[in-house]
Amino acid sequence: MAIPQTKMELRPLGNTGLKVSAVGFGASPLGSVFGPVAEDDAVATVREAFRRGINFFDTSPYYGATLSEKMLGKALKALQAPRSDYIVATKCGRYEEGFDFSPERVRKSIDESLERLQLDYVDILHCHDIEFGSLDQIVSETIPALQKLKQEGKARFIGITGLPLNIFTYVLDRVPPGAVDVILSYCHYGVNDSTLLDLLPYLKSKGVGVISASPLAMGLLTEQGPPEWHPASPELKSACKAAVVHCKSKGKKITKLALQYSLANKEISSVLVGMSSVPQVEENVAAVTELEGVGMDQETLSEVEAILKPVKNLTWPSGIHQN
């Protein structure tokens, strides 16, 4: 039975012709990377997201060592919705066993992903965290291999993802126009770091769609705080914690404020948020609805920005992968 969808703002994604929901469903938690997620919960979460107008789902074979793709595949199948009603992105090049951006592995990767996702094609196939590979290999070998997969209909559009922003200009300046359709940046458009802003005019001039992930800075802007492995400096962690405490003292949720801050920029097509429960979906959708209705809590935002000002745009190195 078809699930009736409620309305959510859909935004154009570069020159692709796709219209993606302002909030995108980050499926990495379905791979139990932040704690165990039962299959029934995964299915219920995806169903609720879809019902509430979220049409964009993002995964990778790296998340949960392929578990995220398998869970998302089962959940999407359970929707029994027309394939054209949802947009799926997955990735290639990063796996549990390491990085491999070779054309042979990319070709094998998409076939494996399609099988796990139970799909005939993905809408977007990203090269995953390209800063860990050779950018020249990405330009000369990986992107051409992805173009062939696009011609074969296994992926409709091609993207690249990573943390340092200069990787996007490096690749886009060296590939033919239109060879890359989308970029996925993370942790660079939020209350504590908005450096992606400087790159938006350039990306627009290239006709490239922009997806931003992790508006909560991988846990820095949450009440439970970042995971042990978080690479931020003690100074940045401390300032973010102070901002969290301030919001809590006012009875406000910093997660909502941080998400709304990221959503407010319409040049960004979709803000990816990890979800693994129905209440999380409800909370994220409520944040969008409130933003469109009454707008953001500007007073609290100003106070949070003042707390974070000394560490604004302080990023962290993604590190160089050692084989």
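Which residues form a nonpolar patch on the surface? In this predicted model, the patch consists of Val33, Phe34 and Trp229, whose accessible area together is about 380 Å². Phe34 lies in the loop that runs between strand S3 (23-26) and helix H1 (39-51). The relative accessible area of Phe34 is 62%, so this residue is classed as exposed, the cut-off being over 50%.

The second largest pocket was examined next. The space in this pocket amounts to about 220 Å³. Its lining is made up of 14 residues, of which Pro12, Gly14, Lys204, Val208 and Glu267 are the closest to the pocket centre. Two or more lining residues are given by each of strand S1 (10-12), helix H6 (200-205) and strand S11 (209-213). Helix H6 supplies the largest share of the lining, with 3 residues. In terms of residue class, the lining of the second largest pocket comprises 5 nonpolar, 5 polar and 4 charged residues.

The structure contains 1 cavity of 30 Å³ or more. For the largest cavity, the volume is about 40 Å³. Its lining is formed by Cys187, His188, Tyr189, Gly190, Asn192 and Asp193, together with Ser214, Pro215 and Ala217. By class, the lining residues of the largest cavity divide into 4 nonpolar, 4 polar and 1 charged.

Key
Residues are numbered from 1 along each chain as its sequence is written. This is a predicted model: local features need pLDDT of at least 70, side-chain atom pairs count only at pLDDT 80 or more; totals for chains, interfaces and linings use all residues. Side-chain values use heavy atoms; hydrogens and water are left out. On a 1 Å grid over the protein atoms alone, a cavity is a set of points where a 1.4 Å probe fits but cannot get out, and a pocket is an open set with protein on both sides within 12 Å along at least five of seven lines; lining residues have an atom within 4 Å of a point. Grid points are joined across faces, edges and corners, and a volume is the space filled by probe spheres set on the points. Helices (H or I, at least four residues) and strands (E, at least two) are DSSP runs, numbered from the N terminus. Ala, Val, Leu, Ile, Met, Phe, Trp, Tyr, Cys and Pro count as nonpolar, Asp, Glu, Lys and Arg as charged, and the others, Gly among them, as polar. Patches are made of residues with over 30% relative accessible area and no salt bridge: like charges are joined within 9 Å, nonpolar side chains (Val, Leu, Ile, Met, Phe, Trp, Tyr) within 5 Å. Accessible areas come from the Shrake-Rupley method with a 1.4 Å probe; for residues, only the protein chains shown count as cover. A salt bridge is a side-chain nitrogen of Lys or Arg within 4 Å of a carboxyl oxygen of Asp or Glu. Buried means under 20% relative accessible area, exposed over 50%, partly exposed in between (1.4 Å probe, protein chains only).
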